[in-house]
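I'm writing down what I looked up, in the order I looked it up.

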Amino acid sequence: MAKVILFDGSAESLNNWTRRDGSPINWIHEGNIISLGHDDIVSKFTYGDAHIHVEWREPDMPYASGQGKGNSGVYIHGVYELQVLDSYGIENPKNNDCGGIYEMYAPRVNACRPALEWQTYDIYFRAPRFDESGNVTENAYVTIFQNDILIHNNAELPHPTPGGISDKVSAKGPLLLQDHGDPVSYRNIWIEEL
């Protein structure tokens, strides 16, 4: 199936996103990059099983630490947060460090590059399955590469993580990019349905 381009640097691709309330986004658009504004943004496109590609860049914040150092998140299906953070050099990353599935799984390894370098997530997502009554019969699963390094291998996602668009799972959902107040930048975001 063809790639669905969510952000390619063009002003037109900004129309692929809204704030949580459906209003136009207010992120900063410079060249082929968007940077955090003052609200989360949600893709208008929804998907089931998919390969999701996201590139991001951490700000240089040497004075900050922990969750205050380049915090953002990529919410798969709008409900499962893959942490974005400047965790470069951390020896034993936790589930709230970069690459962690927030409050669920730590990344297998720290694959982070230093601040100001572009990084990638390639996310292979299998959506949850439902019976005819709408009951979950199989949880979602995800395999994730950060900077071409495997950080999660077929991890089961038994429930949503905090802060998403819902506390319920669904067969299709959007991509959400979290605004956590730090100037994280994004580019080259696309989804290929599987």
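This is a predicted model: local features need pLDDT of at least 70, side-chain atom pairs count only at pLDDT 80 or more; totals for chains, interfaces and linings use all residues.

Before counting ring pairs I noted the rule: rings of Phe, Tyr and Trp (its six-membered ring) pair if their centres lie within 6.5 Å, and planes under 30 degrees apart count as stacked, over 60 as edge-to-face and the rest as tilted. Residues are numbered from 1 along each chain as its sequence is written, and side-chain values use heavy atoms, with hydrogens and water left out.

**Entry 1: aromatic pairs**

How many aromatic pairs does the structure hold? I got 5. One of them is Phe 45 with Tyr 47: the ring centres are 6.5 Å apart and the planes are at 20°, so this pair is stacked.

For burial I use relative accessible area: under 20% is buried, over 50% is exposed, and in between is partly exposed (1.4 Å probe, protein chains only). Phe 45 is partly exposed at 23%, whereas Tyr 47 is buried at 0%.

Then I looked up Tyr 124 and Phe 145. Their ring centres are 6.2 Å apart and their planes are at 85°, so I wrote down edge-to-face. This pair links distant parts of the chain, with Tyr 124 in strand E9 and Phe 145 in strand E12 (residues 140-146), 21 residues apart. Tyr 124 is partly exposed at 34%, and Phe 145 is partly exposed too, at 30%.

**Entry 2**

Strand labels first: helices (H or I, at least four residues) and strands (E, at least two) are DSSP runs, numbered from the N terminus. Two strands pair if DSSP finds at least two bridges between them.

Is E9 enclosed or open? Of its 9 residues, 7 are buried, so E9 is largely enclosed by the rest of the structure. E9 pairs with strand E6 (residues 50-57) in the antiparallel sense, over 8 bridges. In that pairing I found Ile 52 bridged to Ile 123 of E9. E9 is also joined to E12 by 6 bridges, and the two run antiparallel. There, Arg 126 stands opposite Tyr 141 in E12.

**Entry 3: an open sheet**

Next I traced a sheet of 5 strands. It is open, its order is E2-E5-E14-E7-E8, and the pairing is antiparallel. Which strands are at the edges? They are strand E2 (17-19) and E8, and each pairs on one side only. Neighbouring strands in this sheet are turned by 25° against each other on average, direction ignored. (Axes are lines fitted to C-alpha atoms, for helices over the stretch in contact, and angles run from 0 to 180 degrees between N-to-C directions.)

I zoomed in on strand E5 (residues 41-43) and strand E14 (residues 176-179), which pair antiparallel over 2 bridges. Val 42 stands opposite Leu 176 in E14.

**Entry 4: cysteines**

A disulfide is a pair of cysteine sulfur atoms within 2.5 Å. I found 0 of them.

**Entry 5: charges over rings**

The rule here is that NZ of Lys or CZ of Arg must be within 6 Å of the ring centre and within 35 degrees of the ring normal. Lys 3 lies over the face of Trp 190, 4.2 Å from the ring centre. The charged end of Arg 187 sits over the ring of Trp 118, 4.1 Å from its centre.

**Entry 6: positive phi**

Most residues other than glycine have a negative phi. I therefore jotted down Glu 103, whose phi is near 60°, and which is partly exposed at 49%. Glu 103 is in the loop between strand E8 (80-84) and strand E9 (118-126). Asn 154 has a positive phi as well, near 55°. Asn 154 lies in strand E13 (residues 149-157) and is partly exposed at 49%.

**Entry 7: the whole chain**

I finished with the overall view. The chain has 0 helices and 15 strands. Of its 194 residues, 50% count as buried. The C-alpha trace spans about 50 × 40 × 30 Å along its principal axes.
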